[in-house]
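I opened this notebook to record what I looked up in a predicted model.

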Amino acid sequence: MKNIVLLFLMVCSICYSQDDLLNEIDTNSIDSQYATAAFKGLKIVNFESTKLVSKKELTFIVAHRFGSLKNGFDNFFGLDEAVTRLNFVYGISENLNIGVSRSSFQKIYETSAKYRLIRQKENGFPFTMVGFNAVLINSGLEKDNLPLIEFKHRLGYTAQLLISRKINPNFSIELAPSFFHDNYVAINEQNNSQFALGFGGRYKITKRSSINMDYGWHLNRADTSPFINPLSIGIDIETGGHVFQMHFTNAQGMNTNSFLGQTSGDWTDGDVFFGFNLSRTF
């Protein structure tokens, strides 16, 4: 437990100035020589991107994930089984964000910190690196089903290093080594501490839209686990002061521990979920 706590004490900031969403450009600034707008949304689809909220700005994200499309009209193509996550992210500085969210999936509450370590620079460092840490409370665990459960069993932790590179004005990629720990796991053979490697990318198709994709490769899933790796694809559309993200994914949970550790849908069976993320900056 001490090692987990120490992992969450990382806070690092480096000087960087980020413009308002609509003022961001998709080319490197001549003055700063820093790569900008590798991603326009705070998330690629499921995975966090290396984008941060600007200093003293508040972003509100409504994330909606419907039920599986597989059942067709029985659940009206998932509309009867929607999951919602409300997330507030505030820019403490240009390099540090804090967030708080609540998801109806397992009634999860989460606090998070996202901080920039270094930026991609022309003729300089080739990547942008951002850290992401979160602590969550799974309030959906029922004492009737788990009579011995204590508050500590509801806790989960996340630590990620997000590494992105803007290849050209249209194409950006990201690698996300991830560690997450749940004090309670339903599968006896599953380690509480789990590891995954995330892959993501964005390809710009018009001035205000792009195709995004991400995938999470779980590295120590138990052989008896019914869960699989999350694969998601979507479209980002910039409208006014916000980004509207529409996507299809085989993961209904939207917290990192949920989609990395508990994805149940299978693309080959048509067991996928339609959803969207809508963000507004104040």
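My entries follow, grouped by topic.

**Entry 1: nonpolar surface.** I looked up which residues form a nonpolar patch on the surface. The patch consists of I167, F171, I173, Y203, I205, I211, M213, L231, I233, I235, F248 and W267, and together they have about 970 Å² of accessible area. I then listed the elements that give two or more residues to this patch: β7 (171-182), β8 (193-206), β9 (209-218) and β10 (231-239). With three residues, β10 gives the most. I also checked Y203, which lies in strand β8. Its relative accessibility is 44%, so Y203 counts as partly exposed.

**Entry 2: strand β10.** I turned to the two faces of this strand. S232, G234, D236 and E238 make up the covered face of β10, whereas L231, I233, I235, I237 and T239 make up the uncovered one. I next looked up the pairing of β10. It pairs with β9 in the antiparallel sense over seven bridges, and I237 in β10 is the bridge partner of S209. Strand β11 (residues 242-249) also pairs with β10 in the antiparallel sense, over eight bridges. There, T239 stands opposite H242 in β11.

**Entry 3: largest pocket.** I noted a volume of about 360 Å³ for the largest pocket. Its lining comprises 25 residues, and D182, Y184, V185, A186 and Q262 are those that lie nearest the centre. I found that β5 (128-138), β7 and α2 (256-261) each supply at least two residues of the lining. The most come from α2, with three residues.

**Entry 4: salt bridges.** How many salt bridges are there? I count four. In the pair of K114 with E48, the closest N and O atoms are 3.1 Å apart. K114 lies in strand β4 (residues 108-118) and E48 in the loop between α1 (2-7) and β1 (58-68), so this pair ties together parts that are 66 residues apart in sequence. I recorded both K114 and E48 as buried.

E110 forms a salt bridge with R85, and here the closest N and O atoms are 2.9 Å apart. Since E110 is in strand β4 and R85 in strand β2 (residues 83-93), the pair ties together parts 25 residues apart in sequence. Both E110 and R85 are buried.

For R208 with E238, I noted 3.3 Å between the closest N and O atoms of the salt bridge. R208 is in the loop between β8 and β9 and E238 in strand β10, 30 residues apart. R208 counts as partly exposed at 31% relative accessibility, whereas E238 is buried at a relative accessible area of 8%.

Terms used. Residues numbered from 1 in each chain as written. Predicted model: local features only at pLDDT ≥ 70, side-chain atom pairs only at ≥ 80, totals over all residues. Heavy atoms only, no water. Patch = residues over 30% accessible without salt bridge, like charges linked within 9 Å, V, L, I, M, F, W, Y side chains within 5 Å. Areas by Shrake-Rupley, 256 points an atom, 1.4 Å probe, with all protein chains shown as cover. Salt bridge = Lys/Arg side-chain N within 4 Å of Asp/Glu carboxyl O. Helix = DSSP H or I, 4+ residues; strand = E, 2+ residues; numbered from the N terminus. Buried < 20%, exposed > 50% of the residue type's maximum accessible area, 1.4 Å probe, protein only. Pairing = 2+ DSSP bridges. 1 Å grid on protein atoms, 1.4 Å probe; cavity = no way out; pocket = protein on both sides within 12 Å on 5 of 7 lines; lining within 4 Å. Points joined across faces, edges and corners; volume = space filled by probe spheres on them.
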